[in-house]
Amino acid sequence: MNLLSILIFLPIAAALLILVLPSGFQQRFKYISLGVSMIQFVLSVFIYTHFNNTAAGINREEQFQLIEKLPWIRLDLGSIGKLEIDYFLGIDGLSMPFLMLSALVMFVASLASWEIKTNLKAYFSLFLLLNTAVMGVFCALDFFLFYIFYELMLLPLYFLIGMWGGARREYAAIKFFLYTLFGSVFMLLVIIGLYFSVLNPATGNHTFNMVLMMDPGNYINGSVFSAMAGQSILGISARLLAFIVLFIAFAIKVPIVPLHTWLPDAHVEAPTPVSIILAGLLLKVGGYGILRICFSIFPDAAIQSAWWIGLIGLISIIYGAMNALAQTDLKRLIAYSSISHMGFVLLGIASVTTEGLSGAMLQMISHGALSAMLFFLVGMIYNRVHDREISNFRGLAELMPQFTFFVMIAFFASLGLPGFSAFMAEAFSLIGAFTSEDVNGLLPRWMAIGASVGILLSAAYFLWTLQRMFFGQVRLKGGDTWKDQLVDVNTREKFALVPLAVLALLLGIFPSLLFDKMNASVLALVQLITG
Amino acid sequence: MNDLIPYIPSSIRDSLASLSFFSAEISLILGFLLVILADLFFSKRYPQLSFILALLTLLLVAYQSSGFLKIDSTPMFGGMIIMDHLSILFKLLFCLASILFVLFIRFNRAFQNHDKGFGDMYAILLAVHLGLNLMAMSANLLMVYLSLEMVSLGSYLMVGYLSTGQRQTEAAMKYALFGAVCSAIMLYGMSLLYGFTGTLYLNDPAFLSGLNSVPVMASGLALIMVFIGIAFKLSLVPLHFWSPDVYEGAPTPVTAFLSTAPKIAGFAVLVKFLEIFYDPGSKTLSSSMLDLNYILAFLAILSMLLGNFVAIWQNNVKRMLAYSSIGHTGFMLMALFIFSTSGFKAIIFYMAIYVIMNMAAFMIVDEIEEKTGKQNIDEYKGLGKQNSLLMISLLIILISLTGLPPTVGFTAKFLVFSSALEAYNLSGSAILLIMIMIASLSTVVSLFYYFKVPLNAFLRESPDPVKLSIRSAKVYMGIFLAFLLLLLIVFPSMLEQLI
């Protein structure tokens with residue numbers, strides 16, 4: 001059994017264990033879930049330390065690490081040849097960091113799951129199923145397998161939001177589900193088109209191998225997505241159309257403005273652990289998909305669309321930040337700030353420069369940790385008094401000094417204070433966007449300049465919130481009862497917050513911890529896209 | 001008269017030679033007689049004898065049919081029927097549906113407690129099954145009509161079998177009337193076809209050349225009339241009007257059966273007709289006289305749109321499943337645009353999964369209705385908390401019906417999409433692309449109504465929760481089939497090797 005398979009299927013095994021255990025054990029289920037994510041974290045650290053920095057991966061199958069490849073479905077399709085679907089896992093510099101992030105975020109989410117009191121068996125089974133799906137998405141190199149894991153994420157999330165969510169949970173859950181499914185059903189059509197077009201040179205079969213799809217030489221002459229054939233569908237170049245379809249599917253996950261409206265609803269209604277996973281991991285699946293699939297398989301179309309993607313990133317940054325300024329609900333504010341921060345990822349990717357792509361990757365990891373931290377902090381307040389309206393709190397710093405300390409770390413880190421990871425990430429994304437005009441001429445300079453306004457805005461909403469909620473005289477809507485309920489951070493919560501804060505600080509001071517690991521892959525990716 | 005005498009020995013020889021290939025059908029006939037006799041003479045002493053006989057017959061038929069799996073195309077009885085690999089696959093699918101149906105009736109309370117007994121039902125089923133088998137093999141217009149009527153008559157009886165209330169009587173009446181009109185139109189169309197071509201044999205070259213020699217208006221009209229008869233069996237839009245009422249009114253096992261086996265047989269006949277028009281060179285439907293691509297795509301689009309959108313507004317579970325099955329029919333039609341192994345593989349795979357999904361869904365719905373009387377989706381509130389195993393199984397089945405991983409419904413959907421896209425690739429006709437896109441969209445729509453069931457069952461609370469006992473054979477079957485749906489996505493080769 002390969003390390004990656006263990007990483008993926010350990011949670012499923014634990015979920016089965018939970019399902020067969022009698023309900024008398026239900027108070028222990030959270031420890032099972034916590035234990036699973038701790039084992040995953042240890043494994044991912046092991047993978048990190050044994051990772052070969054020089055192997056690029058991307059479009060070279062032999063350079064992927066921890067490869068596991070088993071034939072899965074072989075269907076003889078008569079005239080058009082044989083269908084080849086593999087159970088194909090492997091990692092490179094693009095996916096390895098996400099494994100660590102997933103394990104860490106799942107660990108924090110497990111700690112946040114202490115707040116769940118009802119129907120624990122169902123909750124932890126779904127939670128672990130989601131864990132499997134997320135790990136699977138980051139490891140899969142077969143498009144069919146990727147799609148299965150990608151869709152598998154939706155079901156547990158639907159029920160996690162729908163069964164343990166807030167007042168409007170039904171609406172939020174189905175909205176999230178329909179939005180994402182809308183993107184992915186069309187993705188399925190592109191996948192089918194791709195396997196028609198791509199042959200595995202070694203076996204002569206139609207293949208779903210993503211790595212083989214990146215090589216123009218494997219495309220059948222005259223097939224739909226062959227770059228040479230230049231076929232068009234409904235008047236648009238087939239490759240561009242496929243790129244757009246895939247981009248929209250992933251962009252819904254990221255999310256981009258204007259496809260973001262599911263996100264605030266889902267976050268506000270979801271219980272804290274689910275919000276943490278949504279912001280910390282699910283949004284990253286979108287970004288990862290854009291890099292691994294959209295840009296790698298359709299580099300020509302990516303270059304064509306880079307300007308638009310940059311613009312979408314810029315709009316998301318500004319629009320998300322402006323919306324965050326206007327929110328009165330703390331959780332909604334953070335949800336909008338996520339949209340804004342994920343805009344930097346798009347901007348960095350669109351620049352197709354080494355700096356930009358590294359910045360985008362770092363931003364995803366950094367935002368994964370910081371948004372998990374922010375949602376955890378919001379969840380702490382909400383758990384204590386069941387309210388999170390900003391105007392209902394004042395002077396929290398006096399009541400909860402330690403809590404305020406963590407909030408300040410999270411806020412300052414998020415708004416891009418030097419020394420924290422978000423600063424490095426956003427700086428690199430901006431550098432990438434700024435130099436793009438000279439390097440490859442894809443993005444104009446004003447996009448980078450516009451995006452830096454976003455940083456300013458994020459400073460504004462974070463600082464303003466800090467001032468409104470934490471400083472000044474203690475004044476609470478719930479009066480003295482709230483005062484008693486608002487106890488400071490307990491040990492469990494410290495266990496969750498400290499690793500996240502340390503990661504944000506570590507990556508801010510030593511970004512090379514991550515850059516070194518992914519540099520070869522990023523260079524190879526830039527090389528692949530710009531040709 | 002005397003002129004025909006020299007032909008008699010050869011035709012007798014041919015018929016006798018054909019009999020060896022006809023063993024499955026002979027077993028059905030014998031089984032049919034045995035079940036009637038058993039029900040007449042032994043129903044008091046051994047009430048379940050007819051059930052056991054019917055089940056054994058079906059198992060035997062399945063075994064016998066699978067023996068011919070590797071057969072080349074073999075004409076029998078002077079070319080009236082042709083047995084080939086595809087028809088054997090269809091026959092196996094009928095066996096799957098019938099066996100599940102027999103088990104379903106065995107454990108359905110309404111049938112078991114019926115005053116008139118349930119033995120006749122098994123006899124009717126075997127007769128219908130014979131008709132289905134003949135439909136799948138027929139190669140002659142008369143045979144098509146005869147077998148189709150055989151299935152229809154049996155189905156009318158099935159729908160009205162219990163006639164417990166107004167609604168069931170109405171459903172049976174509606175079904176019979178609508179069916180009679182459709183088959184009359186079909187017969188008229190066939191007589192026109194015979195007039196144009198001078199032959200009743202579908203595979204006769206004179207058939208196609210005869211059709212091509214008459215004006216498109218005439219041949220098109222005759223063909224459309226025949227298609228009306230087939231579309232009635234398939235409940236394709238615009239000939240779907242009967243299906244929601246019949247599905248809702250009929251006893252649930254019968255609904256489950258009607259939404260699967262006769263539909264599959266309808267596809268078998270449709271394939272026989274389309275086979276004439278496939279152009280072997282391009283492997284797609286040739287459009288020399290009548291743009292069949294266009295008509296089929298149009299029907300598929302209409303069925304998917306109407307079936308899926310109207311299903312959103314249904315509150316009765318059986319009615320919702322009825323509309324969704326109209327949508328599924330439209331979806332399956334997409335695999336017929338291409339005459340190749342991949343197209344047939346896709347449709348057979350889809351149908352096999354569809355039989356499992358539909359039967360399982362109706363079994364669980366029936367169980368809930370029997371135990372609690374709940375028929376409407378909004379009455380399912382809070383069922384999930386109390387009966388998690390049952391409702392999770394139903395959820396898996398519904399996910400599979402939607403066509404999402406991790407269930408094999410996804411693989412099936414995927415194969416149909418593949419064959420439709422291949423057809424688009426080969427023909428480049430825009431209507432196919434539009435059809436494929438509508439199919440994708442209808443997946444999203446179908447999620448919305450299928451998920452109303454788990455929405456009520458899991459997300460909403462009920463003031464008075466009901467706890468069902470899962471100790472019931474139907475529930476075990478439903479759970480087993482749901483598990484099968486999960487298993488088959490990991491090991492699709494279990495099914496695929498048969499095809």
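Among the contacts in chain A that join residues at least 6 apart in sequence, 78% link residues at least 24 apart. In chain B, residues 24 or more positions apart account for 77% of the contacts with a separation of 6 or more. The coordinates come from a predicted model, which scores ipTM 0.90 and pTM 0.92.

## The two chains

The secondary structure of chain A consists of 21 helices and 5 strands. Its radius of gyration is 23 Å, close to the 24 Å that the globule rule gives for 531 residues, so chain A is as compact as a globular protein of that length. Chain B has 23 helices and 2 strands, and its radius of gyration of 22 Å agrees with the value near 23 Å that a compact globule of 499 residues would have.

| Chain | C-alpha span along principal axes | Residues counted as buried |
|---|---|---|
| Chain A | about 75 × 60 × 45 Å | 61% of 531 residues |
| Chain B | about 80 × 60 × 45 Å | 56% of 499 residues |

As for confidence, chain B averages a pLDDT of 87, and 97% of the residues score at least 70. Among the elements of chain B, helix 6 (residues 119-137) has the highest mean pLDDT, 93, whereas helix 23 (residues 493-496) has the lowest, 76.

In soluble globular proteins, nonpolar side chains tend to be buried together. Here the largest nonpolar core holds 405 residues, and those with the most contacts inside it are A:Val108 and A:Phe376 from chain A, together with B:Leu93, B:Met334, B:Tyr350, B:Val416 and B:Ala420 from chain B. Helix 16 (residues 341-372) of chain B gives this core its largest share, 21 residues.

With its neighbours within four places in sequence left aside, B:Met334 is in contact with B:Ala300, B:Val416, B:Ala420, B:Met435 and B:Ala439.

Which residues does B:Met351 contact, once its neighbours within four places in sequence are left aside? They are B:Leu93, B:Ile264 and B:Met332. The C-alpha atoms of B:Met351 and B:Phe267 are separated by 9.9 Å, although the two residues are 84 apart along the chain.

## Where the chains meet

The contact between the chains takes 29 residues from chain A and 27 residues from chain B. On the chain B side, helix 16, helix 19 (408-427), helix 20 (430-450) and helix 21 (452-459) each supply at least two residues, and the largest share, 7 residues, comes from helix 20. By class, the side of chain B that touches chain A is made up of 16 nonpolar, 7 polar and 4 charged residues.

Helix 8 (residues 166-197) of chain B has 32 residues and reaches 46 Å from its first C-alpha to its last, close to the 46 Å expected at 1.5 Å a residue. Its buried residues include B:Gln168, B:Tyr175, B:Cys182, B:Met186, B:Leu193 and B:Thr197. What covers the buried residues of helix 8 includes helix 7 (141-160), helix 9 (205-213), helix 10 (216-234) and helix 11 (242-249) of chain B. Helix 8 is followed by B:Gly198, whose phi is positive, near 75 degrees.

Helix 22 (residues 473-490) of chain B has 18 residues and reaches 26 Å between its first and last C-alpha, close to the 26 Å expected at 1.5 Å a residue. Among the buried residues of helix 22 are B:Lys474, B:Val475, B:Met477, B:Ile479, B:Leu481, B:Leu485 and B:Leu488.

In chain A, the end C-alpha atoms of helix 9 (residues 238-253) are 23 Å apart, which agrees with the 22 Å that its 16 residues should span at 1.5 Å a residue. Since 13 of those 16 residues are buried, helix 9 of chain A is largely enclosed by the rest of the structure.

Technical notes: Residues numbered from 1 in each chain as written. Chains lettered and ligands numbered in written order. Core = buried A, V, L, I, M, F, W, Y, C linked by C-beta atoms within 7 Å. Buried ≥ 20, exposed ≤ 12 C-beta atoms within 10 Å, placed from the backbone. Helix = DSSP H or I, 4+ residues; strand = E, 2+ residues; numbered from the N terminus. Contact = placed C-beta atoms within 7 Å. Nonpolar A, V, L, I, M, F, W, Y, C, P; charged D, E, K, R; others polar. Expected span 1.5 Å × (residues − 1). Rg over C-alpha atoms; globule rule 2.2 N^0.38 Å. pLDDT = per-residue confidence, 0-100.
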